[in-house]
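Welcome! Keep the view open as you read.

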Amino acid sequence: MKTESVLITGTTSGVGRALLERYVRAGARVVAVNRRRIPELETRFPAVRFECVDVRDSDAVRSLINALCLTGQLPDCFFLNAGINEVDNDESFDLDAYRAVMETNLYGVLHFVSPLTRIPVRKKPLHIIAVSSLASYVGNPYGLGYFTSKRSLSTCFDVWSKMYKETDLVFQQVMLGPVPSAIKTMDQRMSPWVAKTRQLFSGDLSVAVEAMVSFAETTEKKLFTPRRAVPLYLGMKLTTGLFPVLPQDKRTLQGHARRKTGTKPAEGG
Ligand SMILES: NC(=O)c1ccc[n+]([C@@H]2O[C@H](COP(=O)([O-])OP(=O)(O)OC[C@H]3O[C@@H](n4cnc5c(N)ncnc54)[C@H](OP(=O)(O)O)[C@@H]3O)[C@@H](O)[C@H]2O)c1
């Protein structure tokens, strides 16, 4: 069935922005949820309902869902797309960066799911789509929060897709491979050949968006896009199987090398 109304989080750039443009072109009713107002965007898309909500704020998200329900404007499909990627496990583990990633990528989705599972049963399906990542399978030692958040998200959505099977709630997830966007990647921490390989398997943003749009019209559980990233995933899975911990910087924030226990500190160290 063609999707007539959607809610998309994180439409200021990248995947969310491309989804917004795609659904506006198709004449759908769109609710765009962003943490900041972008006047140019609002002027360009006057028919879109822009909501200024930070997905980390559970009360604000719940109020938004309640308001949409009360006015009979709850969309048919939720693309819970907003996400960030930070280096949080560099020389030392950065708890604040890790927390920010978890609060955005994981809780920023769960804040929507909780009120949506409490709404009255609907006659038509309500799609709740998490934008997860191939990173949820393989991870990256420098972006521990990103890996953990996406893996937790996938686990939750795997459970909910089974639990709510054959009900009005359709839980789906997109395992997005590399596609060009504004999101920070860990490329700067990787050797150049890893970054090049990633680029080689990168998909086109508009192709990924078309795949997501058609996916929202089915009850399939998962979508891998770009499909050409599947060999990349298998290669990464094999690599992490062979080398469970990738070589990582062991400096402290003060720049000293961390020593094995029992070894004497270097002269002057
Ligand atoms: N691009 C890839 O290769 C790739 C691969 C796998 C998965 N993904 C996933 O795809 C999704 C979209 O990423 P993208 O590549 O399109 O990145 P992007 O261009 O950086 O877009 C991220 C969007 O999320 C918004 N956002 C961040 N924190 C927010 C918050 N607390 N509340 C509301 N909105 C917030 C950003 O808003 P601001 O402009 O205000 O920051 C922006 O609109 C993410 O979940 C990402 O993990 C991307």
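## Ground rules

Helices (H or I, at least four residues) and strands (E, at least two) are DSSP runs, numbered from the N terminus. Axes are lines fitted to C-alpha atoms, for helices over the stretch in contact, and angles run from 0 to 180 degrees between N-to-C directions. Two residues are in contact if their C-beta atoms, placed from the backbone, lie within 7 Å.

This is a predicted model: local features need pLDDT of at least 70, side-chain atom pairs count only at pLDDT 80 or more, and totals for chains, interfaces and linings use all residues. Residues are numbered from 1 along each chain as its sequence is written.

## The sheet

Let's begin with the strands. Strands of a sheet pair through backbone hydrogen bonds, either parallel or antiparallel. Here, seven strands make an open sheet with parallel pairing, in the order E3-E2-E1-E4-E5-E6-E7; two strands count as paired if DSSP finds at least two bridges between them. At the edges stand E3 (49–52) and E7 (222–225), each with a single partner strand, so one side of each has no neighbour in the sheet. On average, neighbouring strands are turned by 15° against each other, direction ignored.

Strand E1 (residues 5–9) runs parallel to E2 and is joined to it by five bridges. Strand E2 (residues 29–34) has five of its six residues buried, so it is largely enclosed by the rest of the structure. A residue is buried if 20 or more other C-beta atoms lie within 10 Å of its own, exposed if 12 or fewer, and partly exposed in between, with C-beta atoms placed from the backbone. Helix H1 (residues 14–25) lies across E1, E2, strand E4 (77–80) and strand E5 (126–133), and runs at about 160° to E1.

## Strand E6 and Phe171

How many of the residues of E6 are buried? Eight of the eight are, so E6 is largely enclosed by the rest of the structure. Both faces are covered: Leu169, Phe171, Gln173 and Met175 are buried on one side, and Val170, Gln172, Val174 and Leu176 are buried on the other. E6 pairs in the parallel sense with E5 over eight bridges and with E7, also in the parallel sense, over four bridges.

Phe171 is the bridge partner of Ile128. Leaving aside its neighbours within four places in sequence, Phe171 is in contact with Ile128, Phe157, Trp160, Ser161 and Tyr164. The C-alpha atoms of Phe171 and Ala130 are separated by 8.0 Å, although these residues are 41 apart along the chain.

## Helix packing

Two packed helices are described by the angle between their axes and the distance between the axes. The axes of H3 (residues 58–70) and H4 (residues 95–116) come within 9 Å and cross at roughly 40°. That makes H3 oblique to H4; angles under 35 degrees count as roughly parallel, over 145 as roughly antiparallel, 65 to 115 as roughly perpendicular and the rest as oblique. In this contact, Ser58, Val61, Arg62 and Ile65 of H3 meet His111, Phe112, Pro115 and Leu116 of H4. These residues divide into five nonpolar, two polar and one charged. Ala, Val, Leu, Ile, Met, Phe, Trp, Tyr, Cys and Pro count as nonpolar, Asp, Glu, Lys and Arg as charged, and the others, Gly among them, as polar.

H4 also packs with H6, at an angle of about 20° and with the axes 8 Å apart. That makes H4 roughly parallel to H6. The contact has nine nonpolar, five polar and one charged residues.

## Two loop details

Which residue has a positive phi although it is not a glycine? Glu166 does, with a phi of about 60°. Glu166 lies in the loop between helix H6 (144–163) and E6, and it counts as exposed, with 7 C-beta neighbours inside 10 Å.

Finally, Thr225 and Pro226 are joined by a cis peptide bond, with omega about 0°. Pro226 has its place in the loop between E7 and helix H9 (230–242).
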